[in-house]
Amino acid sequence: MGFITKPAKIAKQTAEAQQRAEATRQANIRQGTANINNTFDSQFTPDFYNAQRQGYLDYATPQLSQQYADASKKLVYSLDRAGMTNSSVRAQKEGELSRLYGTNSRSIADQAQGYANDARSNAEASRADLISTLNATGDAVAATNAA
């Protein structure tokens, strides 16, 4: 009644070994996931994404300002040639130019935020890929190093 046959004992030992191996694998996955998250969270901070946004603004805003200055000069010269420097047409054209500047300025700000959002999406996709690989392999060291 109390004795176990040799094949049953081997099967039990094998099952226990598999359970221990799976518990170790799960612990490795938890540790690797924590390592990946810590690495990403320390590198991809809100300041990182703000820098992405600001970098585009620093690139595009001076160009817009230069284009606005050039267009403003051309408008003044054109109105002067037509003898309309002190007219309602000047006010209308300057208003249109200012609205266009505002529209383009908002577009640049939207594009800058788009760059920051793209950077965030790419970082999160990379994090997800590493965690997926970690879940498949159980190799916390390789996943941590890849992060």
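Mentor: We go from the whole chain down to single residues. Remember that this is a predicted model.

Trainee: What makes up the secondary structure of the protein chain?

Mentor: Four helices and zero strands. Along the sequence the pattern reads α-α-α-α.

Trainee: How much of the protein chain is buried?

Mentor: Buried residues make up 18% of the 147 residues. To count as buried, a residue must have under 20% relative accessible area. The chain exposes about 10200 Å², and carbon and sulfur atoms supply 52% of that area.

Trainee: Which contacts join residues at least 24 apart in sequence, and what is their share?

Mentor: Take the contacts between residues at least 6 apart in sequence. Of these, 81% join residues at least 24 apart.

Trainee: Why is a set of residues called a nonpolar core?

Mentor: Because its members are buried, come from a list of residue types such as Ala, Leu, Ile and Phe, and are joined through side-chain atoms within 4.5 Å. The largest such core has eight residues: Ile-29, Ile-36, Phe-40, Leu-130, Ile-131, Leu-134, Ala-140 and Ala-143.

Trainee: What is Ile-36 in contact with?

Mentor: Leave aside its neighbours within four places in sequence. Ile-36 then contacts Arg-127, Leu-130, Ile-131, Leu-134, Ala-143 and Ala-147. There is also a second, separate core of six residues, including Tyr-56, Ala-60, Leu-64 and Ile-108.

Trainee: Why is Gln-111 called partly exposed?

Mentor: Gln-111 has 38% relative accessibility, so it counts as partly exposed. This residue sits in helix α3. Gln-111 and Tyr-56 are 55 residues apart in sequence, yet 7.9 Å apart in space, C-alpha to C-alpha.

Trainee: And Asp-58, why is it partly exposed rather than exposed?

Mentor: Exposed needs over 50%. Asp-58 has 49%, so it counts as partly exposed. Asp-58 lies in helix α2 (residues 46-81). Asp-58 and Ala-112 are 54 residues apart in sequence and 9.6 Å apart in space, C-alpha to C-alpha.

Key:
Residues numbered from 1 in each chain as written. Predicted model: local features only at pLDDT ≥ 70, side-chain atom pairs only at ≥ 80, totals over all residues. Heavy atoms only, no water. Helix = DSSP H or I, 4+ residues; strand = E, 2+ residues; numbered from the N terminus. Buried < 20%, exposed > 50% of the residue type's maximum accessible area, 1.4 Å probe, protein only. Contact = heavy atoms within 4.5 Å. Areas by Shrake-Rupley, 256 points an atom, 1.4 Å probe, with all protein chains shown as cover.
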